[in-house]
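Hi,

Here is the structure I promised to pass on.

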Amino acid sequence: SSTTTTTTSNNNNNKKPPATSATTTMTITPRIYQQVGDLFRHRFSTHAGWAHSLLFVAELPSFRPVLPHDIVTQMDQFKEEEQQRKADMKKKKNS
């Protein structure tokens, strides 16, 4: 069994990760990454990293039971709307 170790340095901040598939993977541009970071820093100040972590954790199925019901409902509604939007875009593109 072999182990692969990956190291990163600050010089690679602007490199995009390789996409596995154009239809299944979406990369984020450095500009969008900066805008999202700025939004979180503006809204949550010194708690921006914490807020980002909570947003990530909220998407994990094992944490859904501890989330408020209205948040879970909003998340499910957003997911359904996004799936419908993507299906509509795909249908429009193929017609």
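Below is what I found in it.

First, some ground rules. This is a predicted model, where local features need pLDDT of at least 70 and side-chain atom pairs count only at pLDDT 80 or more, while totals for chains, interfaces and linings use all residues. Residues are numbered from 1 along each chain as its sequence is written, and side-chain values use heavy atoms, with hydrogens and water left out.

The protein has 3 helices and 0 strands (DSSP runs numbered from the N terminus: helices are H or I with at least four residues, strands are E with at least two). Buried residues (under 20% relative accessible area, with exposed over 50% and partly exposed in between, using a 1.4 Å probe and protein chains only) make up 7% of the 95 residues.

Now for the helix pair. Helix α1 (residues 30-44) packs against helix α2 (residues 48-58) at about 110 degrees, with the axes 8 Å apart (axes are lines fitted to C-alpha atoms over the stretch in contact, and angles run from 0 to 180 degrees between N-to-C directions). α1 and α2 are therefore roughly perpendicular (65 to 115 degrees). Who meets whom? On the α1 side there are Phe40, Arg41 and Phe44, and on the α2 side Ala48, Ala51, His52 and Leu55 (contact means heavy atoms within 4.5 Å).

Between α1 and α2, look at Ser45 in the loop. Most residues other than glycine have a negative phi. Ser45, though, has a positive phi, near 50 degrees. Ser45 counts as partly exposed because its relative accessibility is 49%.

Cheers

Note on methods. Angles under 35 degrees count as roughly parallel, over 145 as roughly antiparallel, 65 to 115 as roughly perpendicular and the rest as oblique.
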